[in-house]
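The sequence and the structure are shown first, and the description follows.

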Amino acid sequence: MDRTLEIKNLHVSVVDKESVNTKEILKGVDLTVKTGEVHAIMGPNGTGKSTLAGTIMGHYKYAVTEGEILLDGEDVTSMTVDERSRKGIFLAMQYPNEISGVTNSDFIKTAMQARLPEGEHIKLFKFIKEMESAVKDLKMNEDLPHRYLNEGFSGGERKRNEILQMKLLKPNFAILDEIDSGLDVDALKIVGENVDKMRGDNFGAIVITHYQRLLDYIKPDYVHIMMDGRIVMTGGQELIEKIDANGYDWIKEELGIVTPINTTPRVSLGSCAINTKNKEGNK
């Protein structure tokens, strides 16, 4: 059965730690993704792409002030990160963290177990075979299951490890936040092809990237351009090629957009997005 992730009129603010002021980052994002579809989101730095990714997953620093994130019609904005994950949403982070003392195999097995109905358990032999197969597909070192999560990993190894987790967890919707950064040419091809092979009736993806090269391997059905906290243009492959050749200035000129400089500090994934719609009387 097809599933739908729908973002409606999403407004999101973040608190600046230094000034204790709130700054609106997303200013009315509308986007609908169905399983079987791949959507690419492109745009200049500081326009809200990573904020959108973090908010969908439940980033605790991002306050949803207006709008909805609907998964099959159910609003998930009040759900915790783990609840959204169990519902079938996955985020491949731009800057994956390392966890000392927790092996890759234990981390992934625990995450897989958390998705099973109460009383069901992972079959160990099946898990080992699936993990070995995924490690081979991604051309990672065979000792990877026994290494601590991302500890001592290069940037490229961390990105491949995110895709390894995605392959084993088999989410319905994956948000891939600049998974191409830090990858060499060979690793980019491996990651791109592994993501593209997951495309199907039970899998849809939002791919956030600056570069056409990743989209040579993950062919998107739709390409969206984000500027100043909004999706301002949608197209297909022709839009990627035009941006690769001419940059984004022509879009700004055509639509009369002035993109402000982003001074918001980066923040890391936390426990839950804050829904302040009702508190601020927006709904």
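## A network of charged side chains

R230 has a relative accessible area of 36%, so this residue counts as partly exposed. The model described here is predicted. R230 takes part in a salt bridge with D228, in which the closest N and O atoms lie 3.6 Å apart. D228 also meets K27 in a salt bridge, with an N to O distance of 2.8 Å. This second pair links distant parts of the chain, as K27 belongs to strand β2 (residues 21-34) and D228 to the loop between β11 (222-227) and β12 (230-235), 201 residues apart.

K27, in contrast, is partly exposed, with a relative accessible area of 21%.

## Other salt bridges

How many salt bridges does the structure hold? The count is twelve. Among them is the pair formed by the side chains of R199 and D196, with 2.8 Å from N to O. R199 is partly exposed at 26% relative accessibility, and D196 is also partly exposed, with a relative accessible area of 26%.

## A negative patch on the surface

Which residues gather in a patch of negative charge on the surface? They are D216, E238, E241 and D244. One of them, E238, is placed in helix α8, which covers residues 237-246. E238 has a relative accessible area of 52% and is therefore exposed, the cut-off for exposed being over 50%.

## A mostly covered helix

Helix α1 comprises residues 49-57 and is mostly covered, with eight of its nine residues buried. The buried residues of α1 are K49, T51, L52, A53, G54, T55, I56 and M57.

Just after α1 comes G58, whose phi is positive, at about 110°.

Note on methods. Residues are numbered from 1 along each chain as its sequence is written. This is a predicted model: local features need pLDDT of at least 70, side-chain atom pairs count only at pLDDT 80 or more; totals for chains, interfaces and linings use all residues. Side-chain values use heavy atoms; hydrogens and water are left out. Patches are made of residues with over 30% relative accessible area and no salt bridge: like charges are joined within 9 Å, nonpolar side chains (Val, Leu, Ile, Met, Phe, Trp, Tyr) within 5 Å. Accessible areas come from the Shrake-Rupley method with a 1.4 Å probe; for residues, only the protein chains shown count as cover. A salt bridge is a side-chain nitrogen of Lys or Arg within 4 Å of a carboxyl oxygen of Asp or Glu. Lys and Arg count as positive and Asp and Glu as negative; His and the chain ends are not counted. The place of a charge is taken as NZ of Lys, CZ of Arg, CG of Asp or CD of Glu. Helices (H or I, at least four residues) and strands (E, at least two) are DSSP runs, numbered from the N terminus. Buried means under 20% relative accessible area, exposed over 50%, partly exposed in between (1.4 Å probe, protein chains only).
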